[in-house]
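This report describes strand pairing and selected side-chain contacts. The sequence and structure are shown below.

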Amino acid sequence: YDQYKQAIVMAMTAGVTGTMDPTTYQTTYTGTGKILNLTLHAEKSDAGVYIPVGTYTAGDSTENPFTWQVTGGMPEYNAYWGTYITDVVDGQPSIVQLTEGTVEVEYADGNYTITLVSGNIKLRYTGSLAPLAAPAN
């Protein structure tokens, strides 16, 4: 969470790891699997930063909080892609940017459920997103 009011959710399948060099911002991958980087709008309450519950559509609007970032995210970093999947095979990454679809965010019993549908890609995660707080809405 920063001045852009974003939370970046990163999830990966078992069998793949990514290690970023903080001096070069380059990531080295090992193994085989998929990594999702999902940039969503975030808000801050007295309890902490949270992702609002609702349906998000693809877009870059800073005016509509229920869009998930397609490109950009941090305007000063032109190489930063907002939402994408990295398919890693034997440590070799292939990146696919997600430019259409919906993301449904739900919250119950201390867990977020995030469901992404973009073309033929369908992903669902249910669990903690620590250190994110419970939604205020």
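The model is a predicted one, in which local features need pLDDT of at least 70 and side-chain atom pairs count only at pLDDT 80 or more, while totals for chains, interfaces and linings use all residues. Residues are numbered from 1 along each chain as its sequence is written, and side-chain values use heavy atoms, with hydrogens and water left out.

Because Asp 87 belongs to strand β9 (residues 84-89) and Lys 34 to strand β4, the pair ties together parts that are 53 residues apart in sequence. Strands are DSSP runs of E with at least two residues, numbered from the N terminus.

For accessibility, buried means under 20% relative accessible area, exposed means over 50%, and partly exposed lies in between (1.4 Å probe, protein chains only). Asp 87 is partly exposed at 28%, and Lys 34 is partly exposed at 41%.

Two strands count as paired if DSSP finds at least two bridges between them. An open sheet is formed by 4 strands in the order β1-β4-β9-β10, with antiparallel pairing. Its edge strands, β1 (6-12) and β10 (92-97), each pair on one side only. On average, neighbouring strands of this sheet are turned by 15° against each other, direction ignored; the axes are lines fitted to C-alpha atoms, and angles run from 0 to 180 degrees between N-to-C directions.

Between β1 and β4 (residues 33-41), the antiparallel pairing extends over 7 bridges. Within β4, Thr 39 stands opposite Ile 8.

## The β11-β12 hairpin

Strands β11 (residues 102-108) and β12 (residues 111-118) pair in the antiparallel sense over 7 bridges. Val 103 has Leu 116 of β12 as its bridge partner. The two strands form a hairpin with 2 residues between them, and Asp 109 in the turn has a positive phi of about 50°.

## Aromatic pair

Rings of Phe, Tyr and Trp (its six-membered ring) pair if their centres lie within 6.5 Å; planes under 30 degrees apart count as stacked, over 60 as edge-to-face and the rest as tilted. By this rule there is 1 aromatic pair. The ring centres of Tyr 107 and Tyr 112 are 4.9 Å apart and their planes stand at 70°, so the pair is edge-to-face. Tyr 107 is partly exposed, at 29% relative accessibility, whereas Tyr 112 is buried, at 1%.
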